[in-house]
Amino acid sequence: RPIYEQYIVWLWNAVRGDLGHGIFTNEPVTTMIVQRVEPTLLLAGTALVFTLLFGIPFGMLAAIKRNSLLDQSLMVVALLGVSMPNFWLGLNLILLFSVYLGWFPTGGYTPLGESVVGAFRSVFLPALALGLSQAALVARMTRASMLEVLRQDYVRTARAKGLTNQLVYIRHGLKNALLPVITVIGVVATVLVGGTVVTETVFTMPGAGRLVVNSVLRRDYPVVQGAILMVAVAYVIINLIVDLIYVYIDPRVRLT
């Protein structure tokens, strides 16, 4: 059939949840992706938690202690985190925590249905490798946004009214600095969903990212198409969630 007819047929089947069959295994592509999506989502979700735990507090602390030794040290660490390849950091985490200390497995994945603790132990190191690099980006954006907010008149007014520094920084500072930070977090979430390929390969996790790598090497085009479509859908959903969070954080967005 002509290319456009093949595309229309594939698109109509995709709307109904039929992404075709894999060339190599002859299994339904939807089934193959669903079987592999659990470790990928758990990995991306845990990495996002690490990103928030490290990125926002460190960026906020750097802004509060601006131009101090602590601020400069945190920004140097953030610069190293942005520049550090995930696979190199992952290999070093395996060497330290798995080979030398024996705290975590070197690779593989334990399904949630078998053991919840085992599943989180399996994704801890790869999620840490992913989360630290993205936390550096969030920390730098949080610092820049906080510095801009802390110069505003309403922050000086809050201090003049006698509010504690904790209330000033959290209620008036961080809350009003969150909009650009939320934007970056949305970008980070999309990167984590689509960027687990290398990390899953390093840690030998049977996730959707590793499925894509194997499918590319085998030239299994239906699987590659289906995985890319799933990532695109995830991007759209994450961007929609970010827009909804905008409305919740800043009521002025509802009036525009």
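Which residues form one aromatic cluster? I looked this up before anything else. Phe 50, Phe 54, Phe 58, Phe 97, Trp 103, Phe 104 and Phe 124 form it.

**Ground rules.** I am reading a predicted model, where local features need pLDDT of at least 70, side-chain atom pairs count only at pLDDT 80 or more, and totals for chains, interfaces and linings use all residues. I number residues from 1 along each chain as its sequence is written, and side-chain values use heavy atoms, with hydrogens and water left out.

**Overall picture.** I found 10 helices and 0 strands in the chain. These are DSSP runs, numbered from the N terminus (helices are H or I, at least four residues; strands are E, at least two). The C-alpha atoms fill a box of roughly 70 × 55 × 30 Å along the principal axes. The chain has 256 residues, and 39% of them count as buried. Buried means under 20% relative accessible area, exposed over 50%, and partly exposed in between (1.4 Å probe, protein chains only). I also looked at contacts (heavy atoms within 4.5 Å). Among those between residues at least 6 apart in sequence, 72% join residues at least 24 apart.

**Aromatic pairs.** I noted 7 aromatic pairs in the structure. One of them is Phe 97 with Trp 103, which is tilted, at 5.9 Å centre to centre and 40 degrees between the planes. Rings of Phe, Tyr and Trp (its six-membered ring) pair if their centres lie within 6.5 Å; planes under 30 degrees apart are stacked, over 60 edge-to-face, and the rest tilted.

**Nonpolar cores.** I then turned to the largest nonpolar core, which has 46 residues. Such a core is a set of buried Ala, Val, Leu, Ile, Met, Phe, Trp, Tyr and Cys residues joined through side-chain atoms within 4.5 Å. Leu 93, Val 138, Met 146 and Ile 182 have the most contacts inside the largest core. Helices 2 (29-64), 4 (86-100), 5 (116-150), 6 (153-160), 7 (165-194) and 10 (221-249) each supply at least two of its residues. Apart from this core lies another, of 7 residues, among them Ala 14, Met 32, Ile 33 and Val 223. Leaving out residues up to four places away in sequence, Met 146 touches Met 60, Ala 63, Tyr 169, Gly 173, Leu 174 and Ala 177.

**Ser 98.** Is Ser 98 buried or exposed? Ser 98 sits in helix 4 and is buried, at 9% relative accessible area. Beyond four places in sequence, Ser 98 touches Leu 93, Phe 104, Pro 105, Thr 106 and Leu 125.

**Helix 6 against helix 7.** I read an angle of about 170 degrees, with the axes 10 Å apart. The axes are lines fitted to C-alpha atoms over the stretch in contact, and angles run from 0 to 180 degrees between N-to-C directions. The two helices are therefore roughly antiparallel; that label needs an angle over 145 degrees. Helix 6 brings Tyr 154, Val 155, Ala 158 and Arg 159; helix 7 brings Val 168, Tyr 169, His 172 and Asn 176.

**Two loop residues.** Thr 204 lies between helix 8 (197-202) and helix 9. Its phi is near 50 degrees, positive in a residue other than glycine. Thr 204 is partly exposed, at 36% relative accessibility. Arg 219 lies in the loop between helix 9 (208-218) and helix 10. Arg 219 has a positive phi of about 60 degrees, though not a glycine. Arg 219 is exposed, at 61% relative accessibility.

Key
Angles under 35 degrees count as roughly parallel, over 145 as roughly antiparallel, 65 to 115 as roughly perpendicular and the rest as oblique.
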